[in-house]
Amino acid sequence: MQFYRQSLDNCFTRKQLIDGGLTQAIRSAASEFSCEYCLIQENTLAEIVFHVEHIIAVKHGGKDESENLALACDRCNFHKGPNLAGIDPVSGQMSALFDPRSDVWPQHFEM
């Protein structure tokens, strides 16, 4: 049981905090304070929490730099997680996830 508890403690203490000034810059740069993945605006629903998240996760070599940080709603952030790609449900092929710094939204998503 002690090993399990130690693992949980390590899990919770590894979260890195992003500098407050950088966080504010990312929030201000986001178009109309919108999620950079789904484009929902921050003031749409009170229960949606917005995060400044890493586009490329720290575990994959991502840095705490503005080019690698995006404003994301909690749903997009948790769904994406640390992933860089996923399996397309239609084709079954590996597909890169949307990168708000290099991809164009209407070209990446079909409506």
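**Side-chain contacts in the predicted model**

At a relative accessibility of 4%, Glu-53 counts as buried (buried denotes under 20% relative accessible area, exposed over 50% and partly exposed in between, with a 1.4 Å probe and protein chains only). The structure is a predicted model, in which local features need pLDDT of at least 70 and side-chain atom pairs count only at pLDDT 80 or more, whereas totals for chains, interfaces and linings use all residues. Residues are numbered from 1 along each chain as its sequence is written, and side-chain values use heavy atoms, with hydrogens and water left out.

Glu-53 takes part in a salt bridge with Lys-80, with 3.4 Å between the closest N and O atoms (a salt bridge requires a side-chain nitrogen of Lys or Arg within 4 Å of a carboxyl oxygen of Asp or Glu). Because Glu-53 belongs to strand β1 and Lys-80 to helix α3 (residues 74-80), this pair ties together parts that are 27 residues apart in sequence. Helices (H or I, at least four residues) and strands (E, at least two) are DSSP runs, numbered from the N terminus. Lys-80 is likewise buried, its relative accessible area being 7%.

Glu-36 is buried, with a relative accessible area of 13%, whereas Arg-101 is partly exposed at 36%.

The count of aromatic pairs comes to 1 (rings of Phe, Tyr and Trp, the last by its six-membered ring, pair if their centres lie within 6.5 Å; planes under 30 degrees apart count as stacked, over 60 as edge-to-face and the rest as tilted). The ring centres of Tyr-37 and Phe-98 lie 6.2 Å apart with the planes at 80°, and the pair is therefore edge-to-face. Tyr-37 lies in the loop between α2 and β1 and Phe-98 in the loop between β4 and α4, so this contact ties together parts that are 61 residues apart in sequence. Tyr-37 is buried at 9% relative accessibility, and Phe-98 is buried at 7%.

The count of disulfides (pairs of cysteine sulfur atoms within 2.5 Å) is 0. Cys-35 is in no disulfide, the nearest cysteine sulfur being that of Cys-76 at 3.8 Å. For Cys-38, also in no disulfide, the nearest cysteine sulfur is that of Cys-76, 3.7 Å away. Cys-35 is buried at 1% relative accessible area, while Cys-38 is partly exposed at 35%.
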